[in-house]
Amino acid sequence: MTDSLTTPTSPLQIGDYRRYWLARFMGVFATMSMVVLLGYQLYAVARDDYGMSIGEASFQLGLLGLAQFIPLFVLTPVAGLAADRFDRRHVAAFANGIDGLVAVLLAALTYADALNLPVLFALAAAHGAARVFLGPSMSAIAPNIVPPRLLPRAIALSSIAWQTASVAGPAVGGLVFAAIPWAPHALSAVLLGCGMILILTVRPVRAAQDGPKLKPLKQIAQGMIFVWRERFLLGCITLDLFAVLLAGATALLPVFARDILFVGPEGLGLMRAAPAVGAAAVALWLSFRPLQREVGVKMLWAVAAFGALTVVFALSRSFALSLAILSMMGAVDMISVFIRSSLVQLFTPDDKRGRVSAISGLAISASNELGEMQSGLAAGLLGAVGAVVFGGMGAIVVTLVWAWYFPELRRARSFEPQELKREVST
């Protein structure tokens with residue numbers, strides 16, 4: 001047997017990783033389609049069935065983000081502990097099953113024309129609960145099925161799955177919804193079921209245990225204390241939290257699609273897909289030529305660029321220009337996500353990866369869901385355009401503050417685990 005067969009040079013040469021990649025693609029395709037349409041349906045119900053104004057309906061989109069965030073906030077410690085104590089495949093499959101049930105209910109209620117605001121908020125909360133268990137388990141599986149030297153490339157390939165599905169899911173969902181409103185939710189349910197089966201075919205994945213087994217509450221506290229004491233991890237995680245919390249324009253895309261750019265649900269699907277187009281292109285490039293040097297500084301520049309592009313998007317009145325700007329936002333965000341995800345996984349011991357991934361996932365979700373709430377509240381006060389401009393400028397300020405307060409981020413120069421720990425500690 002040749003060395004190329006015994007020593008893989010790409011994560012895709014590993015069968016478990018291929019199945020993991022496909023399961024991730026299917027899950028993201030399904031949930032992105034479902035979430036985009038959930039927001040559009042809620043905005044439409046608020047405007048058409050409840051007679052709300054644009055500002056009032058925009059505020060409901062903010063509350064939708066809050067409905068998804070509350071279960072994330074409450075269950076994150078439990079989800080991280082589950083990923084570190086149980087077979088991570090089973091935790092991910094359980095989460096996919098919950099999300100699949102949400103998709104089935106959305107399809108049935110859409111078909112029966114029985115949707116209302118309380119039902120939509122309840123389904124959003126159930127989706128949030130499923131996501132909180134899926135994120136830590138899926139993130140922690142990859143380092144267990146690929147060797148450490150291939151992890152940055154595996155993360156880039158995983159990002160391709162995420163971003164490609166983020167392109168296809170909203171675009172396909174929006175187009176199909178315009179013709180058969182219940183059908184995209186039914187498709188999401190099927191894909192989530194297939195993803196659940198695929199992830200169960202990966203070899204058993206349980207975290208390595210280091211030291212005596214602690215009680216659950218102590219294990220949860222141990223993970224939180226670890227992140228708090230490691231300034232490098234704390235800086236990486238909170239940079240994403242506060243920058244995207246301010247600069248996230250996603251929640252207001254239904255407003256731009258319906259009442260500013262006048263492009264309807266089809267246009268909304270393309271707008272939600274546009275960032276993923278740029279992100280997928282960058283992820284593909286990174287899978288072949290991963291960044292190697294000055295990674296911390298590049299991460300900071302990428303976050304600042306994301307904020308600046310957010311301001312430009314808010315001021316655009318051309319649909320084509322808006323799509324181009326959204327695509328560029330996805331490209332620079334992918335650089336930031338790739339670097340941050342690689343650094344967090346490589347810096348964290350395996351026995352704590354589930355809990356650290358859960359805390360990181362909570363920060364990401366907080367930036368997304370609470371960012372949606374912030375956008376909705378700001379839109380009620382400043383209008384949709386003013387809210388997005390304010391958020392983009394805020395992200396730039398956050399980047400400058402974090403670059404000063406967490407010099408460890410600037411000192412991170414490589415993805416070599418031993419070099420990384422030495423660099424950030426000096």
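Which helices do the buried residues of helix 7 pack against?

**Figure 1. Overview of the predicted model.** This is a predicted model, in which local features need pLDDT of at least 70 and side-chain atom pairs count only at pLDDT 80 or more, whereas totals for chains, interfaces and linings use all residues. Residues are numbered from 1 along each chain as its sequence is written, and side-chain values use heavy atoms, with hydrogens and water left out. The secondary structure comes to 16 helices and zero strands; helices (H or I, at least four residues) and strands (E, at least two) are DSSP runs numbered from the N terminus. Of the 426 residues in the protein, 58% are buried. Here buried means under 20% relative accessible area, exposed means over 50%, and partly exposed lies in between, with a 1.4 Å probe and protein chains only. Among contacts with a separation of 6 or more, 86% are between residues 24 or more positions apart; a contact means heavy atoms within 4.5 Å. The protein exposes about 17,200 Å², and carbon and sulfur atoms supply 69% of this area. Accessible areas come from the Shrake-Rupley method with a 1.4 Å probe, and for residues only the protein chains shown count as cover.

**Figure 2. Helix 7 and the helices that it packs against.** Helix 7 comprises residues 183-200, 18 residues in total, and reaches 26 Å from its first C-alpha to its last, close to the 26 Å expected at 1.5 Å a residue. The expected span is 1.5 Å times one less than the number of residues. Buried residues of this helix include His-185, Leu-191, Leu-192, Gly-195 and Ile-199. The buried residues of helix 7 pack against helix 2 (15-48), helix 4 (88-111), helix 5 (117-145) and helix 6 (151-179).

Figure 3. The structure holds six salt bridges, each defined as a side-chain nitrogen of Lys or Arg within 4 Å of a carboxyl oxygen of Asp or Glu. Arg-19 and Asp-16 meet through their side chains at 2.6 Å, N to O. Both residues lie in helix 2, three residues apart, about one turn of the helix. Arg-19 is partly exposed, at 30% relative accessible area, while Asp-16 is buried, at 9%. A second salt bridge joins the side chains of Arg-258 and Asp-48 at 3.3 Å, N to O. Arg-258 lies in helix 10 and Asp-48 in helix 2, so this pair ties together parts that are 210 residues apart in sequence. Arg-258 is partly exposed, with a relative accessible area of 24%, and Asp-48 is exposed at 52%.

Figure 4. The side chains of Arg-89 and Asp-87 form a salt bridge with an N to O distance of 2.9 Å. Arg-89 is buried, with 9% relative accessibility, and Asp-87 is likewise buried, with 7%. Elsewhere, salt bridges that share partners join Asp-16, Arg-19 and Arg-203 into one network.

**Figure 5. Two loop residues with positive phi.** Most residues other than glycine have a negative phi. Asp-113, in the loop between helix 4 and helix 5, has a phi near 55°, a positive value in a residue other than glycine. Its relative accessibility of 70% places Asp-113 in the exposed class. Phe-262 is not a glycine either, yet has a positive phi of about 55°. Phe-262 lies in the loop between helix 10 (253-260) and helix 11 (264-288) and is exposed, at 62% relative accessibility.

**Figure 6. Surroundings of Ser-322.** Ser-322 is located in helix 13 (residues 319-347) and is buried, with a relative accessible area of 0%. Leaving aside residues up to four places away in sequence, Ser-322 touches Leu-261, Phe-313 and Ser-316.

Figure 7. Val-397, Val-401, Trp-404 and Tyr-405 make a nonpolar surface patch of about 450 Å². Patches are made of residues with over 30% relative accessible area and no salt bridge; like charges are joined within 9 Å, and nonpolar side chains (Val, Leu, Ile, Met, Phe, Trp, Tyr) within 5 Å. Val-397 is found in helix 14 (residues 353-405). Cys-194 is partly exposed, at 32% relative accessible area, whereas Cys-236 is buried, at 0%. The count of disulfides is zero, a disulfide being a pair of cysteine sulfur atoms within 2.5 Å.
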